[in-house]
Each structure stands twice: as structure tokens, then as C-alpha cells.
Amino acid sequence: MLRRILLAMALAGIAGLGVFWWLTIPAVVAPASLAPHTPNLANGLVAFNAGGCASCHAVPNQPDRLKLGGGLAMPSPFGTFYAPNISPDPNDGIGRWTEAEFVTAVLKGTSPQGAHYFPSFPYASYQHATVADVRDLFAYLKTLAPVRGKARDHDVPFPFNIRRNVGVWKWLFVDGKPYAPDAARSASWNRGAYLVNGLGHCAECHSPRNFLGGIVAAQRLAGGPNPEGEGWVPNITQKGTLAGWSVKDIAYFLETGQTPEGDTAGGSMARVIRNTSQLSAEDLAGMAEYLKSLPPIEGPPRPKRAKSG
Amino acid sequence: MKRILVVAGALLLSVGVGIAQQDKVKQDQDVMKATGRAMGAVLSPMVKGEKPYDQAAVDQALKQFEDTAKRLPTMFPESTKGLKAEGDFSASPKIWEDKAGFAAKIASFAKAVTETKAKIKDLDSLKANVPVIGKECSSCHETYRVKNS
């Protein structure tokens with residue numbers, strides 16, 4: 001009898017492992033699925049700026065945002081991540097990558113070696129980008145100067161360092177769906193929604209996260225504690241500060257970093273503005289139109305600030 | 001008894017100094033807020049086309065910037081180091097750790113104000129030059145201002 005129970009338990013364990021293994025197989029975009037495509041470098045540049053690639057992948061503490069050697073430290077509750085080199089360097093960057101490997105990395109969060117990337121790389125948002133935009137982005141990145149040197153390894157403790165576990169995270173928080181336009185809205189609104197939720201990955205910082213580090217879907221874009229540590233990230237639905245901003249104010253802010261109060265973007269947003277300021281007036285107007293259309297959503301309660309002095 | 005008085009006096013004095021320094025932080029914050037209003041309530045709305053171009057208002061806003069540029073070099077004495085301001089932001093310790101860098105930012109702001117003032121004559125020149133000043137605000141805030149946690 002005991003032997004049978006043990007056998008059943010062992011079988012259940014093996015089955016469980018099998019399910020885990022199957023569930024966490026890293027998704028890949030097959031090269032054959034990519035139809036012939038003539039890269040549009042100008043659109044690749046737009047994708048680069050909308051995606052804010054330079055915010056994390058540009059070498060920190062130097063002025064050239066096209067020097068994509070990586071190295072920026074991103075602290076999080078799960079450990080510290082270091083942005084990798086995405087310059088076209090053949091050894092340290094993405095110089096030897098195929099187009100399908102790049103599309104897989106950005107849309108599926110899977111490395112050319114077939115491992116899951118950590119979600120600090122915002123593929124949970126990038127997955128909504130079009131394949132064409134990502135292919136153009138790849139072509140654009142290849143035109144930039146190669147930068148030598150690898151960034152240091154992530155400093156992430158057990159159990160979060162087991163990359164296979166990220167497969168479960170993806171199963172929970174990544175739906176793999178491209179952006180679906182809303183026919184009831186204007187083309188400009190749809191463009192804005194696409195940029196905000198896809199390449200722009202605004203929700204990655206402007207949303208609260210649960211204990212697994214997944215975005216709390218019901219409070220998307222409603223702000224929360226800064227995932228990088230200190231302070232609070234503002235609610236950008238119509239419940240927060242943006243309720244008092246016009247569509248023009250939001251677009252102007254994304255272009256210049258100037259708030260209607262005459263203040264300037266603080267914290268990491270200053271880096272974001274360096275990217276959004278490069279976007280066209282139409283794209284910025286679309287993002288502003290979309291953000292202004294968001295329903296007011298109450299974010300998590302902000303803790304009382306420590307008394308000054 | 002005498003000693004107690006001396007100690008009490010010294011304590012009172014230091015408390016007084018502490019309050020005075022906190023007042024100084026508040027005053028400086030008011031200067032920054034007035035500077036922000038000159039940008040956000042006067043210049044930006046004209047650039048955005050929400051208000052008509054008004055030379056007198058522009059001159060006044062630029063005068064505010066000049067005034068701020070003059071005050072900035074003495075606005076952050078050693079005595080206010082580490083004090084937190086009410087609201088969203090405080091001065092970063094970097095102001096005192098990298099005095100040369102901070103002074104260079106102030107000089108750059110003052111230069112931008114002087115240069116743009118000579119250029120702003122109508123809406124088009126305003127549109128071209130307000131971002132120049134705005135960039136000065138951002139780049140200094142990015143390094144020398146921190147979010148209150």
C-alpha cells in the first residue's frame with residue numbers, strides 16, 4: 001500500500017514538473033513567419049524614441065543617448081538589474097543577432113539562447129507593438145555605433161534568479177496580443193493608445209504591482225510606489241494630476257518636460273522626456289488624447305509623507 | 001544655575017536658528033514657485049496658443065527669471081543643507097557636494113535668460129526660446145533636486 005502511495009506521489013510530481021516545463025517553454029518567433037520586409041529607418045527611429053530604449057540602454061553618465069552600451073542599474077524588490085549592451089557590437093551587443101531573434105526578444109521576451117528575459121525588460125508592454133515597427137527598430141539600431149563591453153550580470157537572489165520561473169510570470173501577466181484598434185475612436189486616439197500601451201510602456205512605472213511584480217490590471221496607469229525605490233509615481237488616469245491638464249498640456253509636457261504649473265519633470269521622467277521630446281507633434285497629440293480619455297481610477301493609497309525637518 | 005541658563009540659552013538659540021533655517025527653505029521654495037508660475041502661468045500658455053502674446057507679461061516673466069538667477073547663488077547656504085522642504089521636492093545634497101557643478105548650472109541658466117531676453121520679440125521668437133530656458137530648469141532639477149519620499 002505504502003509503495004503504491006509513494007509511486008502515485010512520484011508520478012504526480014513528475015506530471016507536475018512536466019506541466020511546469022511545458023508551461024514555461026520560452027516563446028519564439030519563427031524566422032519563416034516573417035514575410036519579406038523593406039526596413040523603414042525613419043520609422044525605426046520613431047520606434048526607438050517611442051520605446052525609450054535609450055533611457056535604460058544608453059551608457060549612464062555621458063551625454064550621447066545613441067551609445068547603447070548598457071550598464072544602467074535598475075533596483076527592484078527582486079534584486080538589481082543591469083541593462084545590457086544593445087549596440088551593434090558583434091561580441092558584446094546585438095551585432096550577430098538575426099532579425100527573428102530580435103523580434104523574439106522584444107515581442108516575446110526570449111533571448112537568442114532561448115532563455116526568458118526578466119520583466120525589467122518591458123516586453124509585457126512591447127508585446128503589443130507591431131512586428132513591422134520592431135523590424136524597423138532592428139534596422140535602425142544596426143545603423144548606430146557599436147559599443148564594446150558587456151554590462152555586469154544582474155544581481156538577483158534565489159529564487160528570482162531561476163529564469164525558467166519567469167515563464168510562469170509570463171503565463172500570468174503577458175497575453176501575447178498585438179494592439180487591437182478601437183474602431184469607435186479616432187485614428188489619432190488609436191495611435192496614442194498604441195504608443196502609450198505598447199512601445200511607450202508607460203504602465204510599467206505608472207501602475208501598482210502585486211507581490212509577484214505583475215501590474216495590477218484594475219489599477220493600470222493609476223500610479224503607485226516607485227518600483228525603483230524612493231518616492232511615488234503619479235497616477236496618470238483622470239483621477240490624478242492629469243485631471244486638471246488639457247490635452248495640449250499633456251502633449252506639451254511630453255515634448256518639453258514642462259508642467260502647466262511651470263515645474264519640470266522629476267525623477268526618471270526626465271529621461272523619458274528626452275525620448276518623447278523627439279516624437280512628432282501628431283504622435284504626442286495622440287498620446288495626450290488617449291491619456292485624457294482614460295476613466296478616473298483610484299490608485300493605491302499613498303502613505304503619509306515623513307514629517308519634514 | 002548660571003550654567004543651566006547658559007545651556008538653556010544655547011538650546012533656545014539653536015532651536016531659533018533651526019526655525020530660521022526652515023523659514024529660509026520655505027522662502028527659497030517660494031522663489032522657485034514664483035519662477036515656475038512665470039513659466040507655467042505666463043509663457044507656456046502663450047506658446048501653447050491658450051493665451052495671446054503679451055509683451056508686458058513676457059517682460060515681467062523674464063524679469064522673474066533674472067531675479068531668480070541672481071538669487072540662486074546664495075539660496076542654498078551650508079546651514080540649510082539636508083533640510084527638507086514641504087511638498088514634492090527638496091534640494092539634493094549634491095548642491096553642497098558639487099558646488100562647482102551647481103554654480104555652473106546657475107551660470108548657464110543666467111546666460112540662457114540674458115540671451116533669450118534679447119531675442120524674444122514676438123510669438124515665433126517666444127516659441128523658439130522658451131524651450132531653451134525650460135531645458136535649463138530641467139537639467140538642473142534633474143541633478144540637484146530630489147523627490148521627497
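**Labels and their cut-offs**

Modeller: At 39% relative accessibility, A:Phe160 counts as partly exposed, because buried means under 20% relative accessible area, exposed means over 50%, and partly exposed is what falls in between (1.4 Å probe, protein chains only). This is a predicted model, in which local features need pLDDT of at least 70 and side-chain atom pairs count only at pLDDT 80 or more, while totals for chains, interfaces and linings use all residues. Residues are numbered from 1 along each chain as its sequence is written, chains are lettered from A and ligands numbered from 1 in the order in which they are written, and side-chain values use heavy atoms, with hydrogens and water left out.

Colleague: Why is the pair of A:Phe78 and A:Phe160 given the name it has, and what does the pair tie together?

Modeller: Rings of Phe, Tyr and Trp (its six-membered ring) pair if their centres lie within 6.5 Å, and planes under 30 degrees apart count as stacked, over 60 as edge-to-face and the rest as tilted. Here the ring centres are 4.9 Å apart and the planes stand at 75°, so the pair is edge-to-face. A:Phe78 belongs to the loop between strands S1 (73-76) and S2 (79-82) of chain A, and A:Phe160 to the loop between helices H6 (131-141) and H7 (163-173) of chain A, so the pair ties together parts that are 82 residues apart in sequence. Helices (H or I, at least four residues) and strands (E, at least two) are DSSP runs, numbered from the N terminus. Over all chains the structure holds 16 aromatic pairs, and ring pairs also join A:Tyr117, A:Phe121, A:Tyr123 and A:Tyr126 into a cluster.

Colleague: Which charged groups lie over the rings of A:Trp21 and A:Tyr123?

Modeller: The charged end of A:Arg164 sits over the ring of A:Trp21, 3.5 Å from the ring centre, and A:Lys170 lies over the face of A:Tyr123 at 4.9 Å from the centre of that ring. A charge sits over a ring if NZ of Lys or CZ of Arg is within 6 Å of the ring centre and within 35 degrees of the ring normal.

Colleague: How do you know how H8(A) and H12(A) stand to each other?

Modeller: The axes of helix H8 (residues 187-197) and helix H12 (residues 281-292), both of chain A, come within 7 Å and cross at roughly 85°. H8(A) and H12(A) are therefore roughly perpendicular to each other, since angles of 65 to 115 degrees have that name, with those under 35 being roughly parallel, those over 145 roughly antiparallel and the rest oblique. Among the residues that make the contact are A:Trp189 and A:Leu195 of H8(A) and A:Met287 and A:Tyr290 of H12(A).

Colleague: Are A:Asn61 and A:Leu221 buried or exposed?

Modeller: A:Asn61 has a relative accessible area of 85% and is exposed, whereas A:Leu221 has 3% and is buried. A:Asn61 has phi near 60°, a positive value in a residue other than glycine, and A:Leu221, also not a glycine, has a positive phi of about 70°.

Colleague: Why is B:Thr80 called buried?

Modeller: B:Thr80 counts as buried because its relative accessibility is 3%. B:Thr80 is placed in the loop between helix H2 (55-75) and strand S1 (89-91) of chain B. Apart from its neighbours within four places in sequence, B:Thr80 is in contact with B:Gln21, B:Lys24, B:Val25 and B:Trp96. Of the 149 residues of chain B, 36% count as buried.

Technical notes. Axes are lines fitted to C-alpha atoms, for helices over the stretch in contact, and angles run from 0 to 180 degrees between N-to-C directions. Contact means heavy atoms within 4.5 Å.
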